[in-house]
Every structure is written in structure tokens, then in C-alpha cells.
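Trainee: Please take me through the aromatic pairs of this protein in a close look. Then set them in the context of the whole fold.

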Amino acid sequence: MRIYLVQMAVVKNQKFQNFEKVRNLLKKTPPKKDSLVILPEMFATGYLPSHCAQEAENFSNSQEPTVLFLQEISNQTQCHVLGGGIGKTDDGLVNHTGLYSPHSQTGTEAAGYNKIHPFFPEQEYGFIAGQNPTVFQLNHWNIAPTICYDLRFPELYKQISKLFYTKSNKQKLVTVQAAWPAIRNEDFETLLIQRARENNTFIAAVNYTTPQPSNKENPEEIYMGNSMIVSPEGNVVAGQKKYEEIVIEAEI
């Protein structure tokens, strides 16, 4: 499995500007066919946009802007793309990610996941918790997506491990799509390594970055990047580029 982590400086409230940024980063590092491209949490809107409900999309609708973009990238690169944003459901907003595969006839997800552990309480921004982890199969791999704050909850990763072992005997990968501030970077590194070791799985984590941060910025909105791929033994096998917009490429 070849993986591409798109570590980017996401511009809040500027969906189409962020789309163009992803296009340009992938032009600089063109993915090889049939690879997995992973985008950060809420890559299109930033975490969090000014008006979450206004930026929300129905990810089951193939004509939504982010859905169209993700399918476009998948078709152009001939790769599988994992990306999402603010989903809207009958019950409220969800922090969503989905898998898009080349030449889908409908432009819909091959698999989807709603973040089980929202960072903010529901009454503050309207986000509700997802109900169940997702495991999908890609080539010779079982893959489970998780999102940012999920990383702090070991029971979720143990649940995913149990699901892995009910599937066919394939390699195991957990993805983490994050908007993790630099002031808590030590936690980010420690938890990624710990989750890989305790669950005997590869972990591929992609995070926002803030090139040349200013001390005038809100510390909660300065992102180091430090995206990485960790082996089941807890070794960092790729990544750890800091304060840099870059696509990190590795084969596992």
C-alpha cells in the first residue's frame, strides 16, 4: 500500500481555495495509481468555520461541492481518496470522512465514517457523535478511519482491532485525520505511537500545518503538521515534517 498524506494549511471559510490548494500540492507530488490519498480533518472548511451549519453538506448527495471535488481528485489521480467535512443529517451535524474510488458511476462514497468523539459539546456547535467505527477493505488491507480527538480514546481502537479480526486475514491500517494544535503536539506523537503498539497496526495520521506562525496568532489555531506513518512496533516510518505544506509519501 502506497500512502500520500496531504499536510496543508487550511484556510477557514474558503472551501474552493482549499480545493485548489490540494490540487496544487498533488501536482507537486503526483500520486502513483491505486494509492491511498488522505486529507486532514475538515480540509475544505477549516476547523471550525464561522458558520458550521451553512458549510454543512449532505455527503450522500453526489452534487455537493466537496463530494464533486473528492471524486474529481480520485478520478484524476486514479487513487482512492479519504476526505470529508461537515456532514448534515436529520439529527444534527456530524464530523464526517468518506472514501472515494476512481471512476465511481454515482460519485458517492465507497465507505463513510462519522467521528465518534466530537471535541466540543453538542450544544456549542451542533455536532452529534457518530455511532460505530467503520472498516473497509482496499487491496490487501483492512482500513479503519478515525478523526482527531478520537485518538484520545483507546477503547475505540480496541473495538476497531476486534473488527479487524472478524474480517479476512489482511494487513491492518488505522487512519487519523486531524486538526491537532501544536501546543499539544507531544500528546499527538505519544498517542499515535501508543495506539499503533497496543493494537499491532499501522497508523497513518495527517494534520494541519501553519507555515511561519506568528506569536500573535491564537495558540489553538497554530498547527505543527508533524503528520506521520507509524509501524505496528511503534516506529515512525515516514513524515514528521513540521510547519511545512507538503505531501508525505510512503509505502507500507
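**Aromatic pairs and their setting**

Searching the whole structure turns up 12 aromatic pairs. Phe-16 and Phe-19 form an edge-to-face pair, because their ring centres are 5.4 Å apart and their planes stand at 80°. Rings of Phe, Tyr and Trp (its six-membered ring) pair if their centres lie within 6.5 Å; planes under 30 degrees apart are stacked, over 60 edge-to-face, and the rest tilted.

This is a predicted model: local features need pLDDT of at least 70, side-chain atom pairs count only at pLDDT 80 or more, and totals for chains, interfaces and linings use all residues. Residues are numbered from 1 along each chain as its sequence is written, and side-chain values use heavy atoms, with hydrogens and water left out.

Back to the pair. Phe-16 and Phe-19 are three residues apart in helix H1 (residues 15-28), so about one helical turn separates them. Helices (H or I, at least four residues) and strands (E, at least two) are DSSP runs, numbered from the N terminus. Phe-16 is exposed, at 59% relative accessible area. Phe-19 is buried, at 2%. Buried means under 20% relative accessible area, exposed over 50%, and partly exposed in between (1.4 Å probe, protein chains only).

Now the cluster. Ring pairs link Tyr-47, Phe-119, Phe-120, Tyr-125, Tyr-149 and Phe-153. Tyr-47 also takes part in a cis peptide bond: Tyr-47 is joined to Leu-48 with omega of about -5°. Leu-48 sits in the loop between strand E2 (36-38) and helix H2 (52-55). Met-42 lies in the loop between E2 and H2 as well. Met-42 is not a glycine, yet its phi is positive, about 45°. Met-42 is buried, with 1% relative accessibility. Most residues other than glycine have a negative phi, and most peptide bonds are trans.

Gln-78 has a positive phi too, about 60°, and is not a glycine. Gln-78 is in the loop between helix H3 (65-77) and strand E3 (80-88). Gln-78 is partly exposed, at 23% relative accessible area.

Finally, the whole fold. The protein has six helices and 12 strands. The radius of gyration is 17 Å, close to the 18 Å of the globule rule for 252 residues, so the protein is as compact as a globular protein of that length. That radius is taken over C-alpha atoms, and the rule is 2.2 Å times the number of residues to the power 0.38. The C-alpha trace spans about 45 × 45 × 40 Å along its principal axes. Of the 252 residues, 56% are buried.
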